Amino acid sequence: MTTEIEDLKRIFSNGRYVGQVKSLRSTYHVFEFGDVYVIVRPDNRYKNAYNIVLFKHETIRHLQRLYEGRRGLRTRKILNDKEVRELFPMVNQKIRQLLLLQALLILACEGSASLHKRGRELVFTIPKVNED
């Protein structure tokens, strides 16, 4: 019997497996296909089902530039920032918050941000990128 991650790696075998990151309720798996990140998590309601979201690299890099050098980032605190609304337009608040969370989780998974849990919240730090 194969494990969940082995199944995912087989399904997405044409991409590079970046790694996994845990949120409060789920484990997300991140893959990279050229200029696209794919973030996958098991569906909480349906057994053997997955939720899959694709992000262009430019979206993730833009988010990183917006908040580099910032500590204590929480999705609910930056959700209504003008720049976040522009990155994730035309969606309701709940979906925008989930997309923002997943984009931040990609940054954490690839090592461009750190993540820690504070109570029932995830807190992110995005260090400044050295431009030598």
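View 1. At 23% relative accessibility, arginine 61 is partly exposed (buried is under 20% relative accessible area, exposed over 50% and partly exposed in between, with a 1.4 Å probe and protein chains only). Glutamate 110 is also partly exposed, at 26%. The two residues form a salt bridge, with 2.2 Å between the closest N and O atoms; the term requires a side-chain nitrogen of Lys or Arg within 4 Å of a carboxyl oxygen of Asp or Glu. Arginine 61 belongs to helix 2 (residues 57-67), and glutamate 110 to the loop between helix 5 and strand 6 (114-118), 49 residues apart. Helices (H or I, at least four residues) and strands (E, at least two) are DSSP runs numbered from the N terminus. The model is predicted: local features need pLDDT of at least 70 and side-chain atom pairs pLDDT 80 or more, while totals for chains, interfaces and linings use all residues. Residues are numbered from 1 along each chain as its sequence is written, and side-chain values use heavy atoms, without hydrogens and water.

**View 2. Arginine 16 and glutamate 32 in a salt bridge.** Five salt bridges are found in the whole structure. In the one shown here, the closest N and O atoms of arginine 16 and glutamate 32 are 2.5 Å apart. Arginine 16 is in strand 1 (residues 16-22) and glutamate 32 in strand 2 (residues 27-33), so the bridge ties together parts 16 residues apart in sequence. Arginine 16 is partly exposed at 47% relative accessibility, whereas glutamate 32 is buried at 15%.

**View 3. A salt-bridge network of Arg74, Arg76 and Glu121.** Glutamate 121 is partly exposed, at 21% relative accessibility.

**View 4. The aromatic pair of phenylalanine 55 and phenylalanine 88.** Rings of Phe, Tyr and Trp (its six-membered ring) pair if their centres lie within 6.5 Å; planes under 30 degrees apart count as stacked, over 60 as edge-to-face and the rest as tilted. The count by this rule is two aromatic pairs. The centres of phenylalanine 55 and phenylalanine 88 are 6.3 Å apart and their planes at 85 degrees, so this pair is edge-to-face. Phenylalanine 55 is in strand 4 (residues 50-56) and phenylalanine 88 in the loop between helix 4 (82-87) and helix 5 (93-109), 33 residues apart. Phenylalanine 55 is buried at 5% relative accessible area, and phenylalanine 88 is buried at 6%.
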